[in-house]
Amino acid sequence: MKDKLTFQDETNITIRRRIAAEKLLIGFKTSAFLAYCSPFSYEIRQELLYNQWKNNLYDKNILLTKNFQIENFLSTNIEISEWISQGLPADEFSIQNGILTLQTNRFPFCIDPQLQALLWIKQREKKTNLKILSMRDRDFLKHFELAIKYGYPVLFKDVDEYIDPIILDILSKNIQGDLTHQYVKLGDKYIDIDKNFRMYLTCRLSNPILSTLHFSYSK
């Protein structure tokens with residue numbers, strides 16, 4: 001009886017360790033997805049996630065959930081249903097893009113020739129006083145500054161290949177201060193930044209050519 005209990009205890013410990021190890025591996029894989037996969041097409045993402053990275057783990061005799069799907073670990077069915085009701089297409093690539101738009105720690109740059117991201121973001125943020133701006137407008141900076149100060153979301157539409165250098169400190173999240181007071185440089189002055197401020201950029205070109213500087217600042 002004692003041997004049976006000891007065996008059961010050891011089995012339970014092994015199971016718990018395997019579950020913990022699998023969660024850690026999934027954490028690494030989802031982090032890699034958020035950090036590296038946003039610029040790539042659906043085909044390249046699938047190759048990285050479900051062939052190269054997964055096979056690399058198998059080659060090292062590291063097992064992973066058999067039916068691993070990245071969206072199952074970075075979103076819920078309720079969230080996905082909400083996104084779809086707001087206008088996000090229901091295909092796997094669009095769901096991945098929705099995750100990348102909302103969960104990366106950088107401001108998203110959405111390549112959006114069919115205006116799907118634009119319409120989804122507008123619908124999603126319609127109750128939050130979303131400011132839709134264009135860098136071609138002469139007075140966009142005034143509205144942008146107010147949004148930063150008061151925590152309104154901003155959507156820059158039709159960004160194309162030009163990003164005004166005046167917003168680069170914002171785009172790179174070069175935020176200064178502490179937990180109680182944060183500020184950021186905008187042009188030649190520093191302004192307070194509200195913790196609820198967020199920003200989206202959309203581009204109608206299907207294959208924009210961005211500088212490495214701009215690309216490193218956004219996702």
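In the predicted model described here, Phe-93 lies in helix 5. The secondary structure of the protein chain amounts to nine helices and seven strands. Of its 219 residues, 37% count as buried. Among contacts between residues at least 6 apart in sequence, 67% join residues at least 24 apart.

The surroundings of Phe-93 illustrate contacts of this kind. With neighbours within four places in sequence left aside, Phe-93 is in contact with Phe-40, Ser-41, Tyr-42 and Arg-45. Phe-93 and Ser-41 are 52 residues apart in sequence, yet their C-alpha atoms are 8.4 Å apart in space. Phe-93 counts as partly exposed because its relative accessibility is 26%, a value that falls between the limits of 20% for buried and 50% for exposed residues. Pro-39, in the loop between helix 1 (2–36) and helix 2 (42–59), also counts as partly exposed, at 40% relative accessibility.

Two packed helices are described by the angle between their axes and the distance between the axes. For helix 4 and helix 5, the angle is about 100° and the axes are 11 Å apart. The two helices are therefore roughly perpendicular to each other, since angles of 65 to 115 degrees are placed in that class. On the side of helix 4, the contact is made by Ile-80, Trp-83 and Ile-84, and on the side of helix 5 by Ile-95, Gly-98, Ile-99 and Leu-102. Six of the residues in this contact are nonpolar, one is polar and none is charged.

Helix 6 (residues 116–124) contains the buried residues Ala-117, Leu-118, Trp-120 and Ile-121. Seen down the axis of helix 6, these buried residues fall within an arc of 170°, so they line one face of the helix. An α-helix has 3.6 residues a turn, so residues three or four places apart point the same way. The buried residues of helix 6 pack against helix 4 (77–85) and helix 5 (92–103), and also against strand 1 (109–111), strand 3 (154–156) and strand 7 (199–203).

The largest nonpolar core has 24 residues, of which Phe-144, Ile-148, Phe-156, Ile-170, Phe-197, Met-199 and Leu-201 touch the most other members. Two or more residues are given to this core by each of helix 7 (140–150), strand 3, helix 8 (168–171), strand 5 (182–186) and strand 7. Helix 7 supplies the largest share, four residues. A second, separate core consists of 23 residues, including Leu-34, Leu-48, Ile-80 and Ile-95.

Within the largest core, Phe-156 can be examined individually. When residues up to four places away in sequence are not counted, Phe-156 touches Leu-133, Ser-134, Met-135, Phe-140, Phe-144, Ile-167, Met-199, Tyr-200, Leu-201 and Thr-202. Helix 7 also holds Glu-145. With a relative accessible area of 14%, Glu-145 is buried, because the limit for buried residues is 20%. Apart from neighbours within four places in sequence, Glu-145 is in contact with Leu-186, Lys-189 and Ile-191.

Methods
Residues numbered from 1 in each chain as written. Predicted model: local features only at pLDDT ≥ 70, side-chain atom pairs only at ≥ 80, totals over all residues. Heavy atoms only, no water. Buried < 20%, exposed > 50% of the residue type's maximum accessible area, 1.4 Å probe, protein only. Arc of directions from axis to C-beta. Contact = heavy atoms within 4.5 Å. Core = buried A, V, L, I, M, F, W, Y, C linked by side-chain atoms within 4.5 Å. Axes fitted to C-alpha atoms, helices over the stretch in contact; angles between N-to-C directions. Parallel < 35°, antiparallel > 145°, perpendicular 65-115°, else oblique. Nonpolar A, V, L, I, M, F, W, Y, C, P; charged D, E, K, R; others polar.
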